[in-house]
Amino acid sequence: MWIVDRRTWKSFSSAGLLLGTLFAAFSLTPSLLPRSALMQGIVAGLSLSAGYAIGASLGWLWRYLELPVLPARAARIARIAAGGVCVVVGLVFLSQSAGWQDSIRALMAMPPVEETRPFTIALVALSLFAGLLLLARLFRLTYRLITDRLPRFVPPRVSRLVGLVAAAVLFWSVIDGVLFRYFLHAIDQSFQQLDALVEPEAEAPRNAAVTGSAESLVPWETLGRQGRLFVSSGPSAADLEAFFGAPAPQPIRVYVGLNSADSVEERVRLALAELQRVRAFERSVLVLITPTGTGWIDPGAMDTVEYLHRGDIASAAVQYSYLASAISLVVEPENGAETAQALFNAVYGHWSSLPHDRRPRLYLYGLSLGALNSDRSFDLYDVIGDPFDGALWSGPPYRSETWRAATRKRVPGSPAWLPRFRDGSVIRFTDQHARLDDGDGPWGPLRIAFLQYATDPVTFFDPSLAWRRPAWLASPRGPDVTPALRWIPVVTMLQVVADMRAGDITPTGHGHNFAPDDYIEAWIALTEPPGWTPEATRRLKVLFAGPPPRHPSRGRPGAAVQGTP
């Protein structure tokens with residue numbers, strides 16, 4: 001076996017093994033969210049590989065500069081000692097990894113991790129490191145094959161430079177031109193088929209005023225999976241009447257799928273026409289939603305605000321992708337912003353032409369990538385003369401410009417995970433503890449609210465984590481951030497990247513998994529529903545406690561027809 005071959009063992013860099021082992025060991029310490037054993041193994045393997053690459057590069061630079069090196073015998077002893085240190089450090093940190101993960105889980109009321117976790121982590125980490133090391137040595141072999149033949153035609157130093165460039169181009173061509181494209185094609189096909197899938201129980205709505213019905217301008221089959229889910233769910237008039245004990249209109253939901261029209265402009269025109277058809281501009285509140293990459297809209301956000309306004313509300317969304325947000329951001333980064341901007345311009349143009357006393361209050365909403373694109377949908381200078389009423393952006397990615405500016409220019413002394421921006425008249429931040437009433441001044445005519453958790457890796461990831469300690473680690477820390485979290489160059493960045501994929505095990509109310517309770521408090525502060533009481537808030541939170549309430553009557557025979565309340 002090549003791993004245990006003597007020549008191969010001698011070829012390992014002692015500095016690389018030591019630094020790589022330290023990186024892998026530090027990667028076992030806690031970060032923002034709990035990780036599965038598989039994900040922790042991947043983080044440890046990547047950290048081991050990154051540390052080994054840095055250590056080996058430093059060793060090469062030492063030799064290149066012709067600095068003193070150990071004699072052969074001393075070098076052999078040093079290599080054996082380095083191997084022993086690596087084993088001891090690895091075992092010590094692995095033995096504590098479960099306790100570190102439990103320190104996060106305790107803050108999130110999660111059960112302790114399983115006992116076999118260290119073995120799984122070690123197996124995954126070493127396998128990944130071996131694969132990446134094999135790939136690196138294949139690159140070096142390619143480089144040497146090229147440089148061994150070039151000195152006959154060019155000087156040695158030129159041959160080394162040409163060999164390095166040629167090997168890099170060859171590998172990048174294979175990775176980008178073959179593997180990456182094949183991966184994207186496979187992902188694209190999978191998500192496209194999933195988006196087009198019509199569930200057996202998903203019948204077209206019979207309510208004429210529901211998007212996708214026979215009378216609708218938007219065909220049911222073109223809505224996509226997330227669009228059909230959105231328009232057919234949520235509270236019906238009967239659900240609202242049961243909760244309030246009084247008649248209520250059914251909330252209006254308009255959705256235009258990616259396949260509903262051929263271009264962004266046509267999809268947006270279709271959305272505006274559908275809003276006019278169902279008389280959405282006669283409601284008291286209108287929410288423009290920017291979905292996530294797959295077209296998904298968080299039901300915890302929209303169901304709650306529809307209850308808060310007793311059904312006297314309309315919402316609209318236009319799908320711009322069927323890919324997961326992370327893939328959509330890489331493959332089609334401008335599609336979301338372009339669609340959100342076109343929808344805002346069309347709806348705002350019509351809305352601003354209406355008499356002030358006969359138009360709904362207009363709000364924007366977006367989660368994650370939807371928050372980023374919603375933030376990009378308007379130019380403040382274009383609306384300052386007649387501003388819309390506000391925006392609620394939950395889990396904004398670190399690239400969100402408004403979020404970055406407000407966080408960077410926060411009031412001194414306020415934490416980076418919950419900033420205070422100026423007097424709070426325009427922008428406010430909140431988390432699990434309903435803090436939107438904490439502004440020094442009153443809300444202004446345009447209100448922007450950020451709902452974020454201190455443990456959200458989507459919000460607090462930044463490439464600079466590789467070389468700079470983040471401000472959100474300063475004291476005081478967020479309520480669900482473990483005191484055991486320490487910043488480690490390179491490693492912390494890899495940990496937070498892994499945390500982005502930990503949503504499947506993160507409980508509601510932490511990380512990037514937002515709780516209906518927190519949406520309720522945010523919407524109350526932002527929109528101030530008329531006649532709403534603390535007792536009604538308590539009852540609504542009870543309704544949304546646990547699994548989301550089911551609303552089977554929406555759009556079915558017997559449900560209320562949407563229209564003027």
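1. Basis. The model is predicted, so local features need pLDDT of at least 70 and side-chain atom pairs count only at pLDDT 80 or more, while totals for chains, interfaces and linings use all residues. Residues are numbered from 1 along each chain as its sequence is written, and side-chain values use heavy atoms, with hydrogens and water left out.

2. The sheet. Seven strands form an open sheet in the order S1-S3-S2-S4-S5-S7-S6, with parallel pairing. S1 and S6 are the edge strands, each pairing on one side only. Neighbouring strands are turned against each other by 15 degrees on average, direction ignored. Strands (E, at least two residues) and helices (H or I, at least four) are DSSP runs, numbered from the N terminus. Two strands pair if DSSP finds at least two bridges between them.

3. Buried means under 20% relative accessible area, exposed over 50%, and partly exposed in between (1.4 Å probe, protein chains only). On one side of S1 lie Ile252, Val254 and Val256, and on the other Arg253 and Tyr255, so that both faces are covered. S1 pairs with S3 in the parallel sense over five bridges.

4. S2, S3 and helix H10. Strand S2 (residues 285-290) also pairs with S3 in the parallel sense over five bridges. Valine 285 stands opposite isoleucine 313 in S3. Helix H10 packs on the sheet and touches S1, S2, S3 and strand S4 (361-367). The direction of H10 makes about 160 degrees with that of S3. Axes here are lines fitted to C-alpha atoms, for helices over the stretch in contact, and angles run from 0 to 180 degrees between N-to-C directions.

5. Glycine 311. Where does glycine 311 sit? Its place is the loop between helix H10 (299-308) and strand S3 (313-318). Glycine 311 is buried, with a relative accessible area of 0%. Leaving aside neighbours within four places in sequence, its contacts (heavy atoms within 4.5 Å) are Leu240, Pro249, Gln250, Pro251, Arg283 and Glu306. Proline 251 is 60 residues away from glycine 311 in sequence, but the two are 4.5 Å apart in space, C-alpha to C-alpha.

6. Helices H9 and H12. The axes of H9 (residues 264-277) and H12 (residues 335-352) come within 9 Å and cross at roughly 40 degrees. Among the H9 residues that meet H12 are Val268, Leu272 and Leu275; on the H12 side they include Ala342, Leu343 and Val347. The residues of this contact divide into nine nonpolar, three polar and two charged. Ala, Val, Leu, Ile, Met, Phe, Trp, Tyr, Cys and Pro count as nonpolar, Asp, Glu, Lys and Arg as charged, and the others, Gly among them, as polar.

7. S6 pairs with strand S7 (residues 447-451) in the parallel sense over four bridges. Phenylalanine 429 has phenylalanine 450 in S7 as its bridge partner.

8. Serine 414. Is serine 414 buried or exposed? At 10% relative accessibility, serine 414 counts as buried. This residue is in the loop between helix H15 (401-408) and strand S6 (427-430). The side chain of serine 414 reaches the backbone oxygen of valine 411 at 2.6 Å.

Methods
Polar contact = N/O pair within 3.5 Å; in protein donor to acceptor, adjacent residues only side chain to side chain.
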